[in-house]
Amino acid sequence: MASRERFVIGLLRRGFRSSLPGYLAILLGIASLGLVFGYASDSMYGISHGINLVAYWHIPMAIIGGLALTVTFLGCVLYLVSGTRFWERLAHASGEIGFVFATLTLVTGSAWGRIIWNTWWDWSDIRLVTFLFVWFIYAGYLLIYSGTGGSGRVSRLASVYGVVGFITVPISYASTRLWTTRLHAPSIGNPDTEAAITASVLFVSLLAVFFLYVALLGSRVRLYELGDRIDSLKRRNWTETHKPLKND
C-alpha cells in the first residue's frame, strides 16, 4: 500500500473512531425537530398542511443519500485501482446507508405528494422515475455484493457495477433541469419555485442528516473491521488446534 494511501486510510479510521459525529447528529436532530415543529412554515405550493413539514427531512435525506452513493462510487474506483479492502468496505457501507436514505426519500416523498399533488406516484414525472431507477440500481449493487462470500472476483464485479451504475445518480439529480417535469421543479436557484421552505431550518436538518450519515458510516466500517479481526482469530485458532502433532 502506498504511503499516501496508508495516510488517508489512517486518517479516515481515526475519524470513524470519533464519537463527535454521533453527538452532533443527536444535538442537531433535536434542534431540527424543535425548529420544524415550532418555527418552520407549513405552507408550501399554496397549501397549508402539516405534511409539508416532512420536506425538512425529505430534502436532506435526498441530498445526503446522493452524497453517500457518491462515496460508494469513489470507494469502488479506489478498490478497483488499488485492490485495498478498506475501500471496498467503505463503498459497501456507504451504499447501504445511501440505499436506506433513498428508500426513506421515496416513502416521505410519496406521502408528501399525496397531499400536495393528490397522488402517491406519477409515472410522467421525470424526477420520480429516475430516482426510482437509482433505487433499483443500488438494490442490485447490494444484492451482488451480498453474494461475494469473500471472493475477490465477485467483489470486483460488484465494484464495477457500482462505478457504472453511478451514472444514474447525477442524471436523476439533474433531471429537473435537463427535462420538463410535470410535478417537480428546480427549487435551488429558481426564483419561480412554488415551495416556500424556511431555509435556516432546512440547513439545520441537512447538517443533522449529514452527521447521522457520518456516524453510521463510521460504525459500519468499524463493524466490518471487527468482523475481519474475529475471522482472523478464528482461522488462527483453527490452525493451532489442527496443527499436526510431532513425533516424540
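What share of the contacts in the protein chain between residues at least 6 apart in sequence join residues at least 24 apart? The share is 78%.

**View 1. Overall fold of the predicted model.** The protein chain has nine helices and two strands, and from the N terminus on its elements run α-α-β-β-α-α-α-α-α-α-α. Of its 248 residues, 40% count as buried. The accessible surface of the chain comes to about 14,000 Å², with 67% belonging to carbon and sulfur atoms.

**View 2. Packing of helix α4 (residues 85–116) with helix α5 (residues 126–146).** The two helices pack at an angle of about 145°, and their axes are 10 Å apart. The crossing of α4 and α5 is left-handed. Residues of α4 in this contact include E88, R89, H92, F99 and L106, and those of α5 include F131, W135, Y138, Y141 and Y145. By class, the contact of α4 with α5 has 12 nonpolar, four polar and three charged residues.

**View 3. The largest nonpolar core, of 32 residues.** F86, L90, Y138, Y141, Y213, L217 and V221 touch the most other members of the core. At least two residues of this core come from each of α1 (3–17), α3 (55–82), α4, α5 and α9 (199–241). Helix α4 supplies the largest share, eight residues. Another core, of 11 residues, lies apart from this one; among its members are M44, V54, W112 and I116.

**View 4. Surroundings of Y138.** Leaving out residues up to four places away in sequence, Y138 touches L69, T72, F99, G162, G165, F166, T168 and V169. Y138 and F99 also belong to the α4 and α5 contact.

Technical notes
Residues numbered from 1 in each chain as written. Predicted model: local features only at pLDDT ≥ 70, side-chain atom pairs only at ≥ 80, totals over all residues. Heavy atoms only, no water. Axes fitted to C-alpha atoms, helices over the stretch in contact; angles between N-to-C directions. Helix = DSSP H or I, 4+ residues; strand = E, 2+ residues; numbered from the N terminus. Left-handed = near helix turned anticlockwise from the far one by under 90°. Contact = heavy atoms within 4.5 Å. Nonpolar A, V, L, I, M, F, W, Y, C, P; charged D, E, K, R; others polar. Core = buried A, V, L, I, M, F, W, Y, C linked by side-chain atoms within 4.5 Å. Buried < 20%, exposed > 50% of the residue type's maximum accessible area, 1.4 Å probe, protein only. Areas by Shrake-Rupley, 256 points an atom, 1.4 Å probe, with all protein chains shown as cover.
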